[in-house]
Amino acid sequence: MAVSKWGTDGEELCPYRLVLEHVTSRWGVLVLIALEERSYRFSELRREIGRVSEKMLTQTLQTLERDGMVHRDAKPVIPPRVDYSLTDLGREAAKQVRTLAMWTERRMEAVTEARAAYDETRAP
């Protein structure tokens, strides 16, 4: 059985792969990029990201908070106020994710062409 820092034969998720999955997940990417600009309250962040359920945003924020990338600041006021921001580790991750997002935007035309070529070879 081959063992590497990325897992055992790809069967189980090791810590490296789990963090990579959290940071590059659909909602993880969008949360990191949004919070890179400024801190947000939950409802503001949900509007900023768009089309994310309350449950998924909550899970994503909790996961990124556990990984040390998001800071949750609950203020003892009425009504309760909770702000989310990036930690230093989160800002570092967000910078990397933004680079990938910018590459995707720059290379979308090539991806579209590759998809069309692929689909053309598979057409009946």
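Guide: Buried means under 20% relative accessible area, exposed over 50%, and partly exposed in between, with a 1.4 Å probe and protein chains only. The model is predicted, so local features need pLDDT of at least 70 and side-chain atom pairs count only at pLDDT 80 or more, while totals for chains, interfaces and linings use all residues. Residues are numbered from 1 along each chain as its sequence is written, and side-chain values use heavy atoms, with hydrogens and water left out.

Visitor: Is Glu44 buried or partly exposed?
Guide: Glu44 forms a salt bridge with Arg38, with 4.0 Å between the closest N and O atoms; the term denotes a side-chain nitrogen of Lys or Arg within 4 Å of a carboxyl oxygen of Asp or Glu. Arg38 has a relative accessible area of 41% and is partly exposed. For Glu44 the relative accessible area is 26%, and this residue is therefore partly exposed.

Visitor: How many residues apart in sequence are Arg98 and Glu36?
Guide: The side chains of Arg98 and Glu36 meet in a salt bridge of 2.5 Å, N to O. Arg98 lies in helix 5 (residues 88-122) and Glu36 in helix 2, so the pair ties together parts whose separation in sequence is 62 residues. Helices here are DSSP runs (H or I, at least four residues) and strands likewise (E, at least two), numbered from the N terminus.

Visitor: What is the relative accessibility of Trp27, and why does Trp27 count as buried?
Guide: Trp27 has its place in helix 2 (residues 26-37). Leaving aside neighbours within four places in sequence, Trp27 is in contact (heavy atoms within 4.5 Å) with residues including Ile49, Met56 and Thr60. Trp27 counts as buried because its relative accessibility is 11%.

Visitor: How far apart in space are Trp27 and Val52, C-alpha to C-alpha?
Guide: Val52 is among the residues in contact with Trp27. In sequence, Trp27 and Val52 are 25 residues apart. In space, their C-alpha to C-alpha distance is 7.6 Å.
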